Amino acid sequence: MRLIELDGVSFNFGSRQPWVFRDITFRLDSGSCHCITGPTGSGKSTLLQLLAGLQERPFEGGVFRRQGMLAGLVMQDPQVQLLRQTVGAEVAFALENLALTSEQMVPMVQRALRRVGLFVSLDCPINILSLGQKYRLMMAAQLVCNPQVLLLDEPWAQLDNLGVQELTMVIRGLVAEGIAVVMCEHNPAAFEEVVDHYWQLSDGVLMSGIYRTEKRIPLQAQAHSDDVIIEAEPFEYRFHGDAPLFACEQPLQVCAGELVTIYGNNGTGKSSLMKAIAGMQGNIAPLPLKVFGERPKVGHYGQRLGLLMQRPNRQLFENTVLDEVAFSLRRFGLPQEQAQALLEELGLGELAEQSPHKLSYGQQHLVALASLVCYQPQLLLLDDPLAGLDSEYFDRFCMMINRLRQQGTAVLLSSHRPLPHTPVSQQWQIADGLLLPSTCTQDAAYAY
Amino acid sequence: MPISHSSLLSSTPASIRSLWLSALAMLLALALSSAAFFAPTHFLPWLAGIELVLLVHGMLNQGKISGLVRYIVLQLLFTIVLYLAIHGGNKVSEGVLAVARILLAIVPGWWLTNTVSTEAIGAILGKMMPNKWAFVVVASINLLPYMANEVREIYQLQRLRGARIAPKQLLNPRNWGEFSYCVIFPLLIQLLKLARQTAVAAKARHFGYHAKRTLWPSQRSEHDN
């Protein structure tokens, strides 16, 4: 049964703006699962909003939507979609708007939570859920209305491997029930078990197939020195008044030039550990942790430490990209020419005079990273830096990391999952409340 | 079966008694906050006594006062520096009094958000104003903890980048511009983006479809949890 059809649809964000997509044709039938791929900033999220009927700007072309059809959209960042404080109230928000009685709401909310595998109390505060759990909560908040179409924006980036497996099962069940699913995804292989149509949206054109880029710069293996940058005795990571989040039963050490990955499921404590190393994490029991031989304290290390947190675009504030990248150089008294040189090296020279606030998500991500790389910190902490980035941006990311490590910078990088084909010197896995460090020998590292 | 937009049913109000109590709490908070600004100075100790009771009650309801204390200390510091710079040492007591009034105006709001659920506040506001306005107020209250966290993280990130905004550096008024440029400006941008995304998120869940919304029952039987 045909649910939505786009016939020659063109869209842009203003009469003088370039086309986001031009003359696209797309048909969505019940019980089908589509995956739209494409580079960062190509208009995938905009297309999902158009399919959901939430795009308020005018567009050209014909859009057919089955009468009375409900479409549910789960956007990329669950954090910005939360409207209430408890799980039950959040899921029930749509039911309140549809004016259902409170007696009807409770069983429907419970069923929706079961469908996405979220087994928590209805009164559970949302702020204690992990990012992956919040994404599933947002799915439940849509499924509670039993929509015929479910639209998912970048689920892989928000979920750990377990979350992806569970989501795959949920999608399979929904498709079997006749619900149509459309997702935008940078990693289409993650859902290949359930996807039956792949699309690529690039340069405003939507066509069949998977978007791939040929360019590929790997992270290089590097020899590292014996200069210790981070050292920690065995410890328990615990917030005041809470049970331990995780424990580390072995001492930890990171030396100059090392590349260390920290991986684990959503909510295991990766980001919290990163913040503790940078001295930013308050409200925790003291850790036997030393960075550059001292207890971590925010702002204490000056140009020796850089931290890129999730959603790095929130640290941008200057009027031009060049000023943004040069900001730390000015503050640390370093030559400002390094900023222009780095932008040229990254192929971002043409953006130098543009406002960082008008760039695409991927470009902002790179500018934020470049603003740290340019002052060449001895320790760089990257919290899930690859979320939502396509291969082209990944290449430039690798260029910057390779450049820093050649100069002896130690890099700690957190991720939901181990990075394949990456010559890391150590991997720290956080699972089942334990941080398990494993060292990769130099030979093994080069063998990737 | 999908829920049809036409399957309208009459709304069932949440516990009437709890709504009345919430409404009284809102009125009390509004009256006390207003009194903090309009009451004569000799009445302020009485007001402080009443608000001390609210403070204890809020803390018994798991309310945390650390943020409140930090804010008021910073406010006091800035105000004294400003008064010293503008008026010299003569009028510092007036500055302290102004900060005391601000504190007395904030405490009732802090108590209200710690003792009355935002759902209840939304339900009451929904009876007095259009649903869209009530939603905006409640969504703003819900976003406060998130925005507080954003301010903290942006502040720390900029300090790591070398911004001159450490507490000691902020004693120098010349660095206040850097604080607003590095922290407040990105925060405002985040707020604008968040407002737009929240609007899309609400619309994606049929907000505004009916003039009168029903309410999620915040009090239910135990087996419903």
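View 1. In chain B, 70% of the contacts with a separation of 6 or more are between residues 24 or more positions apart. Contact here means heavy atoms within 4.5 Å. This is a predicted model, where local features need pLDDT of at least 70, side-chain atom pairs count only at pLDDT 80 or more, and totals for chains, interfaces and linings use all residues. Residues are numbered from 1 along each chain as its sequence is written, chains are lettered from A and ligands numbered from 1 in the order in which they are written, and side-chain values use heavy atoms, with hydrogens and water left out.

**View 2. Chain B is made with seven helices and zero strands.** Its pattern along the sequence reads α-α-α-α-α-α-α. With a radius of gyration of 22 Å, well over the 17 Å that the globule rule gives for 225 residues, chain B is more spread out than a compact globule. (Helices, H or I with at least four residues, and strands, E with at least two, are DSSP runs numbered from the N terminus; the radius of gyration is taken over C-alpha atoms, and the globule rule is 2.2 Å times the number of residues to the power 0.38.) The C-alpha atoms of chain B fill a box of roughly 70 × 45 × 30 Å along the principal axes.

**View 3. Here is the surface of chain B, with its charges.** Of the 225 residues in chain B, 40% are buried. Buried means under 20% relative accessible area, exposed means over 50%, and partly exposed is in between (1.4 Å probe, protein chains only). Chain B has an accessible surface of about 12,900 Å², and carbon and sulfur atoms own 69% of that. These areas come from the Shrake-Rupley method with a 1.4 Å probe, and for residues only the protein chains shown count as cover. Chain B also carries 20 positive and 8 negative charges, whose mean positions are 7 Å apart. (Lys and Arg count as positive, Asp and Glu as negative, and His and the chain ends are not counted; a charge is placed at NZ of Lys, CZ of Arg, CG of Asp or CD of Glu.)

**View 4. B:His206 sits in the segment after α7 (176–203) of chain B.** Most residues other than glycine have a negative phi. B:His206 is not a glycine, yet has a positive phi of about 65°. B:His206 is buried too, with a relative accessible area of 11%.

**View 5. Now for chain A, with its twelve helices and 20 strands.** A compact globule of 448 residues would have a radius of gyration near 22 Å, and the 23 Å of chain A agrees with that. The C-alpha trace of chain A spans about 65 × 50 × 40 Å along its principal axes. Buried residues make up 60% of chain A. Its accessible surface is about 17,300 Å², 47% of it from carbon and sulfur atoms. As for charge, chain A has 34 positive and 46 negative side chains, with the centres of the two sets 4 Å apart.

**View 6. The largest nonpolar core has 49 residues.** A nonpolar core is a set of buried Ala, Val, Leu, Ile, Met, Phe, Trp, Tyr and Cys residues joined through side-chain atoms within 4.5 Å. Among the residues with the most contacts inside this core are A:Val109, A:Leu113 and A:Leu152. Elements of chain A that each supply at least two of its residues include β3 (33–37), α3 (102–115) and β6 (149–153). A second, separate core of 41 residues includes A:Phe332 and A:Tyr375. Back at A:Leu152, the contacts beyond four places in sequence include A:Leu48, A:Val74, A:Tyr135 and A:Cys184.

**View 7. A:Leu252 lies in strand β13 (residues 252–255) of chain A.** A:Leu252 counts as buried at 5% relative accessibility. Not counting residues up to four places away in sequence, A:Leu252 touches A:Ile230, A:Phe235, A:Trp428 and A:Pro437, among others. A:Leu252 and A:Pro437 are 185 residues apart along the chain, but their C-alpha atoms are separated by 7.6 Å.

**View 8. A:Gln427 is in strand β19 (residues 426–431) of chain A.** A:Gln427 is buried, with a relative accessible area of 15%. Leaving out residues up to four places away in sequence, the residues that A:Gln427 touches include A:Thr261, A:Tyr263 and A:Pro437.

**View 9. A:Asn283 is in the loop between α7 (270–278) and β15 (289–291) of chain A.** A:Asn283 has a positive phi of about 60° although it is not a glycine. At 46% relative accessibility, A:Asn283 counts as partly exposed.
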